Amino acid sequence: NYDIDVKDVQRVRSVYKVKTSEGIYCLKKVGNREKKAIKSIRIMEYLSLKGFNKVARPVYCKTGKILVKTDDSSYYLTNWIDAEEVNFDDIDQVTDCVRLLAEFHENAKGFYLDGVKMKSNLGKIFNIYNDKIQLMNIFKDKLEKMKNKSIFDITYQENLDFYIAQAKQAIELLKHSEYMSLCEDSKKEKYICHNSFYYQNILRDSSNNYFIVDFESCLYDLPLIDLAKFIRRIMSRNNFLWDFNYCKELINEYSKIKKISDKEYKILLALLIFPYKFFRLGRKRYIKKKKWKEDRYIRKLNKIIESNMYKDKFIQDFKEYFDIKLNN
């Protein structure tokens, strides 16, 4: 389907590395996710047109189509990025990543194309958080009715009220913030969140150039959602463990490229306070019934609980530094 001379094909993670006479390409299988694949391709093209060259370049086939369909799947081709996944334990790489995220937000702004379906989460945070609290209350009911509890069940149950209160604290902060008005502004500007800005989707080459891949999860939302998700992931790592000074550095580096206004700090704090890790662990256990060994569940839960004193100090330091009060 392509005007290339294929020499070798090998599987690399979820894609194929295609060596040809003309160079190296990346072939991605998208299954039945055709609409998401088209969205991902159009965003790559949009970013390239804006001069943001830290993305792959889609390759069209001979017919001029971007997707090649087979009986049971679809595929698309891009250039191969000769780079490796970033290391989130390396402080310099993490700092470079937050700059990359800010550049992505600034360049992806304004993306809109007829026929490309893009989900929006703007203004939906209260429903999202309340649904999670409701689910934690379901965990609570299940545990109260459970007769033969494991050590994990007992420990999770003992901590549920604390984390439900933490989730409610996040909602209260958001209620007294300018979240809804910022969503209206973001709707006009058409800001995009990557929504999957994890180390697997951030590549770094030998010359310290960074690239961002996989735009299938992109949606319209406040850029702060991406930033908060990234900071939470970094802060929960043993190397950083809710170190406010480093968090402040990440925020400063991001803000040099994509300005964070004073009214956004309260929203950012709320997004950082919400107990995602505790919630997700409960969902894995009681809803998805993930078949992990008991000691793995216990180890993950203990790590979340043990980080509480660091997170509590982090919250206090954040409030003091950015002068955040509940009703201001």
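The mean pLDDT (the predictor's confidence in each residue, from 0 to 100) of the protein chain is 95, and 99% of its residues reach 70 or more. The model is predicted, and local features therefore need pLDDT of at least 70, side-chain atom pairs count only at pLDDT 80 or more, and totals for chains, interfaces and linings use all residues. Residues are numbered from 1 along each chain as its sequence is written, and side-chain values use heavy atoms, with hydrogens and water left out. Confidence is lowest in strand β5 (residues 68–69), at a mean of 90, and highest in strand β10 (residues 210–212), at 98.

The protein chain contains 11 helices and 11 strands; helices (H or I, at least four residues) and strands (E, at least two) are DSSP runs, numbered from the N terminus. The radius of gyration of the chain is 22 Å, close to the 20 Å given by the globule rule for 328 residues, so the chain is as compact as a globular protein of that length. This radius is taken over C-alpha atoms, and the globule rule is 2.2 Å times the number of residues to the power 0.38. Along the principal axes, the C-alpha atoms fill a box of roughly 60 × 50 × 40 Å.

Of the 328 residues, 49% count as buried, where buried means under 20% relative accessible area, exposed over 50%, and partly exposed in between (1.4 Å probe, protein chains only). The accessible surface of the chain comes to about 17,100 Å², of which 46% belongs to carbon and sulfur atoms; areas come from the Shrake-Rupley method with a 1.4 Å probe, and for residues only the protein chains shown count as cover. Among contacts (heavy atoms within 4.5 Å) between residues at least 6 apart in sequence, 76% join residues at least 24 apart.

Helix α2 (residues 91–108) holds Gln-93, which is buried at a relative accessible area of 10%. A polar atom of the Gln-93 side chain lies 2.9 Å from the backbone nitrogen of Asn-87. Leaving aside residues up to four places away in sequence, Gln-93 touches Val-86, Asn-87, Arg-204 and Tyr-210.

The count of salt bridges (a side-chain nitrogen of Lys or Arg within 4 Å of a carboxyl oxygen of Asp or Glu) comes to 20. One of these joins Asp-96 to Arg-99, with the closest N and O atoms 2.6 Å apart. Asp-96 and Arg-99 are three residues apart in helix α2, and are therefore separated by about one helical turn. Arg-99 counts as partly exposed, because its relative accessibility is 28%.

Asp-161 forms a salt bridge with Lys-140, the closest N and O atoms again being 2.6 Å apart. This pair links distant parts of the chain, with Asp-161 in helix α4 (residues 151–175) and Lys-140 in helix α3 (residues 125–145), 21 residues apart. Asp-161 is partly exposed at 47% relative accessibility, and Lys-140 is partly exposed with a relative accessible area of 24%.

In helix α7 (residues 244–257), Glu-253 and Lys-256 lie three residues apart, about one turn of the helix. Their salt bridge has its closest N and O atoms 2.9 Å apart. Glu-253 counts as buried, at 12% relative accessibility, whereas Lys-256 is exposed, with a relative accessible area of 62%. Finally, a network of salt bridges links Lys-28, Arg-33, Asp-214 and Glu-216.

How values were computed:
Polar contact = N/O pair within 3.5 Å; in protein donor to acceptor, adjacent residues only side chain to side chain.
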